[in-house]
Amino acid sequence: MKINQAAVLAPPLLEECSQLGQRLARLRLARKIKQTDAALRAGLSRNTVYRLERGDPGLAIGQVLRYLEAIAPGSTLLDLLSESDPALIALKMREQSKRVRDLTSAELEELDF
């Protein structure tokens with residue numbers, strides 16, 4: 001009988017699975033790799049990759065590690081969890097930069113000496 005892992009895991013563990021999937025997806029996006037290409041490199045189906053990035057707890061750790069190797073060769077699970085990959089750092093910097101808006105006339109008058 002097949003067991004639904006999501007039904008038997010505690011909520012904190014489900015959250016950890018979800019975070020792992022989100023980090024895998026962010027790493028793939030940071031490295032600008034299509035999901036289908038990553039699946040092909042890892043030898044996984046696109047559906048399995050979709051489930052990995054959604055944090056499905058029913059997948060084997062070997063599939064997670066194969067996918068990680070496919071999108072970031074040489075990276076470890078620790079690198080993924082600590083977000084120390086250069087592509088992730090660059091993505092975070094791009095996300096932090098924001099456009100500067102013009103000051104309103106009231107704000108300009110307030111700054112006028």
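Author: The expected span of a helix is 1.5 Å times one less than its number of residues. Helices (H or I, at least four residues) and strands (E, at least two) are DSSP runs, numbered from the N terminus. The model is predicted, so local features need pLDDT of at least 70 and side-chain atom pairs count only at pLDDT 80 or more, while totals for chains, interfaces and linings use all residues. Residues are numbered from 1 along each chain as its sequence is written, and side-chain values use heavy atoms, with hydrogens and water left out.

Reader: How many helices and strands are there in the protein?

Author: Read along the sequence, the pattern is α-α-α-α-α-α-α-α. The count for the protein is 8 helices and 0 strands.

Reader: What distance separates the end C-alpha atoms of helix α2?

Author: Helix α2 covers residues 11-30, which makes 20 residues. At 1.5 Å a residue, the helix should therefore span 28 Å. The model agrees, because the end C-alpha atoms are apart by 28 Å.

Reader: What radius of gyration does the protein have?

Author: The radius of gyration is taken over C-alpha atoms, and the globule rule is 2.2 Å times the number of residues to the power 0.38. For a compact globule of 113 residues, the value would be near 13 Å. The C-alpha atoms here fill a box of roughly 75 × 30 × 25 Å along the principal axes. The radius of gyration of the protein is 20 Å.

Reader: What percentage of the 113 residues in the protein is buried?

Author: Buried means under 20% relative accessible area, exposed over 50%, and partly exposed in between (1.4 Å probe, protein chains only). Of the 113 residues in the protein, the buried share is 27%.

Reader: Which helices do the buried residues of α2 pack against?

Author: The buried residues of α2 are L20, G21, L24, A25, L27, R28 and A30. Contact means heavy atoms within 4.5 Å. The packing partners of these buried residues are α3 (35-42), α4 (46-54), α5 (61-71), α6 (77-82) and α7 (86-96).

Reader: Which residues is R23 in contact with, leaving aside its neighbours within four places in sequence?

Author: R23 is found in helix α2 and counts as partly exposed, at 24% relative accessibility. R23 and G55 are 32 residues apart in sequence, with 9.6 Å between their C-alpha atoms. Leaving aside neighbours within four places in sequence, the contacts of R23 are L80, L81 and E83.

Reader: Is E83 buried or partly exposed?

Author: E83 is found in the loop between α6 and α7. Phi of E83 is near 55 degrees, a positive value in a residue other than glycine. The relative accessible area of E83 is 23%, so this residue is partly exposed.

Reader: Is K32 buried or exposed?

Author: K32 follows α2 and is found in the loop between α2 and α3. Phi of K32 is positive, near 55 degrees, in a residue other than glycine. With 69% relative accessibility, K32 is therefore exposed.

Reader: Which residues does T48 touch, not counting those up to four places away in sequence?

Author: T48 has its place in helix α4 and counts as buried, at 11% relative accessibility. Not counting residues up to four places away in sequence, T48 touches L59 and Q63.

Reader: What separates the C-alpha atoms of R54 and L20?

Author: R54 is in helix α4 and counts as exposed, at 57% relative accessibility. R54 and L20 are 34 residues apart along the chain, and their C-alpha atoms are separated by 8.7 Å.

Reader: Which residues is S75 in contact with, leaving aside its neighbours within four places in sequence?

Author: S75 lies in the loop between α5 and α6 and is buried, with a relative accessible area of 16%. The C-alpha atoms of S75 and L65, 10 residues apart along the chain, are separated by 9.5 Å. Leaving aside neighbours within four places in sequence, the contacts of S75 are L68, E69 and D85.

Reader: How far apart in space are V8 and A106, C-alpha to C-alpha?

Author: V8 is in helix α1 (residues 5-8) and counts as exposed, at 56% relative accessibility. V8 and A106 are 98 residues apart in sequence, and their C-alpha to C-alpha distance is 58 Å.
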